[in-house]
Amino acid sequence: MDIPKIELNNGVRIPCIGNGPGIVGYSPRQDRISNSLFKRAFRKFIIRPKQEYDYVDAVANSFKIGFSLLDYSSSYGDGHLIGKAIKRSGVSRNDLFITTRISNQAQREQKVRACLMSQLQGMGVDYVDMLMFHWPVTDLYIDTWKEMVQLYKEGYCKCLGVANCHKHHIEELMKAADVVPSINQFEVHPLFTQKDLIGYCWSKGIQVEAYTAIARFDDRLMRLPLLKNIAQKYHKTVVQIILRWHVQTGVIPLVRSLNKSRQLENVSIFDFELTSNEMKAIDAININSRLRYDPDNCDFSIL
Ligand SMILES: NC(=O)c1ccc[n+]([C@@H]2O[C@H](COP(=O)([O-])OP(=O)(O)OC[C@H]3O[C@@H](n4cnc5c(N)ncnc54)[C@H](OP(=O)(O)O)[C@@H]3O)[C@@H](O)[C@H]2O)c1
């Protein structure tokens, strides 16, 4: 499937939807499994290899079915499983748009360059398409950004972006360096539409990527009669309606699924169009409900 692309402020073209596989083996349940020696050994030698195999298989599948935009971060791992997935998929590296981020830990340890080099080595690639920082860590993100600008000038990434930035973070960045970010990635979904921040980014020529784009399958959306009725009309699922709403808004949704049939569902949103009334009705669902952290109110010593 050929996914439409959007041109960024430096001329690079990016697919209008992406897959973010996140951390291998992520499961909220796992925190509750006891930590006895036996259980830890079982996890390390039996569960973990299976999880890694499934992860590589799922990421490879996402590439094969057309998800060429991959959203990744050094906070999720060293990238070697992504490297395996690229090989397993048979898709040429040049046909992929690979994003990675500088973790907060690397910012705290002032290891920005080393962090990117380790991602490149892990993935087995010479460059990434998009390099971001994961969060604007207080007192550190300006220096991180300056170092990222240097890495961009040296050709290790095709574009630079930021994540979790409010307007005031972006204004500080633009004072500090001569490169405007191509993307700001932050939480957006119908429960938290972030219209002001999106409008500000667009006014500066910065494209927006939406993370937690389907609000982690939140019941308050999935059970909403408005969304169910629109889904029924187009013979689509509520998730597909939400993803289509992002794309028609002009925001790039990043959605996480390691399930092959749900990946196919998520990418199958280019054969229908929401009316402007439907778009407005979905906009109006907003209740400013943030599911993730607010960058101005979080503890960067642990995040
Ligand atoms: N920059 C940042 O700080 C930041 C923060 C959060 C997220 N992100 C990025 O955004 C990506 C997605 O965010 P997220 O994981 O928070 O939230 P999300 O994509 O809104 O939700 C993911 C959840 O939805 C389920 N799901 C996906 N497609 C589905 C479908 N068609 N039907 C039913 N359930 C479906 C997934 O389960 P299955 O896997 O079982 O399908 C998973 O449990 C991340 O992987 C990451 O790349 C970035």
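Figure 1. Strand 10 (252–255) and helix 11 (260–267) each provide at least two residues of the shell around the ligand. Helix 11 contributes the most to this shell, with 3 residues. The structure shown is a predicted model.

**Figure 2. The residues surrounding the ligand.** The ligand is surrounded by 28 residues, of which the closest are G20, D71, R256, S257 and R262. Sorted by class, the shell comprises 12 nonpolar, 9 polar and 7 charged residues. The space that the ligand takes is the largest pocket.

Figure 3. In the side chain of R262, an N or O atom is 2.6 Å from an oxygen atom of the ligand. R256 places a polar side-chain atom 2.7 Å from an oxygen atom of the ligand. For T212, the distance from a polar side-chain atom to an oxygen atom of the ligand is 3.0 Å. On its own, the ligand has 910 Å² of accessible area, and the protein covers 88% of this area.

**Figure 4. The barrel.** In the order 3-4-5-6-7-8-9-10, 8 strands close into a barrel with parallel pairing.

**Figure 5. Pairing of strands 6 and 7.** In general, the strands of a sheet pair through backbone hydrogen bonds, in either a parallel or an antiparallel sense. Here, strand 6 (residues 128–133) and strand 7 (residues 157–163) pair in the parallel sense over 4 bridges. V128 has C157 in strand 7 as its bridge partner.

Methods. Residues are numbered from 1 along each chain as its sequence is written. This is a predicted model: local features need pLDDT of at least 70, side-chain atom pairs count only at pLDDT 80 or more; totals for chains, interfaces and linings use all residues. Side-chain values use heavy atoms; hydrogens and water are left out. A residue is near a molecule or strand if one of its heavy atoms lies within 4 Å of it. A polar contact is a pair of N or O atoms within 3.5 Å; within protein, one must be able to donate a hydrogen and the other to accept it, and residues adjacent in sequence count only if both atoms are side-chain atoms. Accessible areas come from the Shrake-Rupley method with a 1.4 Å probe; for residues, only the protein chains shown count as cover. On a 1 Å grid over the protein atoms alone, a cavity is a set of points where a 1.4 Å probe fits but cannot get out, and a pocket is an open set with protein on both sides within 12 Å along at least five of seven lines; lining residues have an atom within 4 Å of a point. A molecule sits in a cavity or pocket if more than half of its atoms lie within 2 Å of its grid points. Ala, Val, Leu, Ile, Met, Phe, Trp, Tyr, Cys and Pro count as nonpolar, Asp, Glu, Lys and Arg as charged, and the others, Gly among them, as polar. Two strands pair if DSSP finds at least two bridges between them.
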